[in-house]
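Welcome to this guided tour. Open the structure in your viewer, keep the selection tool at hand, and follow the stops below.

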Amino acid sequence: MTDRERAARDVRVDPAQAASLISQYRDTHGLGAVTPDPILQGLAQAQADSMAAHNVLSHTIDGTLSARFDAVGLAQTTAVENVSAGYFSLPAALAGWRNSPEHNANLLATKMRHLGIATAYAPGTRYLVFWALDMSN
């Protein structure tokens with residue numbers, strides 16, 4: 001196992017830390033804070049796991065965001081999702097999302113109040129680590 005693979009295997013994300021960092025970023029833009037939510041956490045983990053299992057970066061690997069939210073009783077919820085891969089830390093993933101206009105718009109979506117964020121390790125793949133962030137009102 002290479003050093004890169006060992007590092008990737010140990011990547012984890014703390015939802016409370018992510019909420020704090022994202023809330024600080026939102027605050028600099030005059031927006032409200034976000035807090036961790038266990039249902040969104042489950043959705044994000046399922047998305048990250050599925051992308052890792054299939055070695056594909058996708059918003060629809062297990063259905064649309066709307067369908068996935070409906071399946072857990074969050075119908076009519078306003079939601080956004082960011083996915084990414086290859087980042088080995090929360091600050092790096094957040095920087096990548098802030099530098100992408102579409103992902104940044106999701107981080108700064110005005111109605112968002114809750115989040116779930118997850119990583120999944122994918123040994124033997126190009127990216128090694130897949131990320132999913134789901135946020136809702």
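A nonpolar core is a set of buried Ala, Val, Leu, Ile, Met, Phe, Trp, Tyr and Cys residues joined through side-chain atoms within 4.5 Å. Buried here means under 20% relative accessible area, exposed means over 50%, and partly exposed lies in between, using a 1.4 Å probe and protein chains only.

Before you click, two notes. You are looking at a predicted model, in which local features need pLDDT of at least 70 and side-chain atom pairs count only at pLDDT 80 or more, while totals for chains, interfaces and linings use all residues. Residues are numbered from 1 along each chain as its sequence is written, and side-chain values use heavy atoms, leaving out hydrogens and water.

**Stop 1: the cores**

Select Ile22, Leu115, Ile117, Trp131, Leu133 and Met135. Of the 25 residues in the largest nonpolar core, these six touch the most other members. Helices α2 and α5 and strands β3 and β4 each supply at least two residues of this core. Now pick Ala48, Met51, Val83 and Ala122: they are among the 11 residues of another core, which lies apart from the largest one.

**Stop 2: the sheet**

Helices (H or I, at least four residues) and strands (E, at least two) are DSSP runs, numbered from the N terminus. Two strands pair if DSSP finds at least two bridges between them.

In what order do the strands of the open sheet stand? The order is β1-β3-β4-β2, with 4 strands and mixed pairing. Strands β1 (35–36) and β2 stand at the edges with a single partner strand each, so one side of each has no neighbour in the sheet.

Next, select residues 114–121 and 129–136. These are β3 and β4, which pair in the antiparallel sense over 8 bridges. Zoom in on His114 and you will find Ser136 of β4 opposite; Gly116 likewise stands opposite Asp134 in β4. On the β1 side, 2 bridges join β1 to β3, and these two strands run parallel. Thr35 has His114 as its bridge partner in β3.

**Stop 3**

For the angles, axes are lines fitted to C-alpha atoms, for helices over the stretch in contact, and the values run from 0 to 180 degrees between N-to-C directions.

Select residues 90–98 to show helix α5, which lies across β2, β3 and β4 and runs at about 65° to β4.

**Stop 4: salt bridges**

Side chains of opposite charge can pair when their charged atoms come close. A salt bridge is a side-chain nitrogen of Lys or Arg within 4 Å of a carboxyl oxygen of Asp or Glu. How many does a search of the whole structure find? There are 3.

- Pick Arg6 and Asp3, whose side chains meet at 2.8 Å, N to O. Both lie in helix α1 (residues 3–9), 3 residues apart, about one turn of the helix. Arg6 is partly exposed at 35% relative accessible area, whereas Asp3 is exposed at 59%.
- Pick Asp10 and Arg9, which meet at 3.7 Å, N to O. Asp10 counts as exposed at 51%, and Arg9 is partly exposed at 35%.
- Pick Arg68 and Glu81, with their closest N and O atoms 2.9 Å apart. Arg68 lies in helix α4 (residues 65–71) and Glu81 in strand β2 (residues 79–85), so the pair ties together parts that are 13 residues apart in sequence. Arg68 is buried at 9% relative accessibility, and Glu81 is buried at 5%.

**Stop 5: an aromatic pair**

Rings of Phe, Tyr and Trp (its six-membered ring) pair if their centres lie within 6.5 Å; planes under 30 degrees apart count as stacked, over 60 as edge-to-face and the rest as tilted. By this rule there is 1 aromatic pair. Select Tyr127 and Phe130: their ring centres are 6.0 Å apart and their planes meet at 80°, so the pair is edge-to-face. Tyr127 is partly exposed at 27%, while Phe130 is buried at 0%.

**Stop 6: a loop residue**

Finish at Thr110, in the loop between α6 (101–107) and β3. Is Thr110 buried or exposed? Thr110 is exposed, with a relative accessible area of 51%. Leaving aside neighbours within four places in sequence, Thr110 is in contact with Arg26 and Leu31. Thr110 and Asn137 are 27 residues apart in sequence, and their C-alpha atoms are 8.8 Å apart in space.

Definitions and conventions
Contact = heavy atoms within 4.5 Å.
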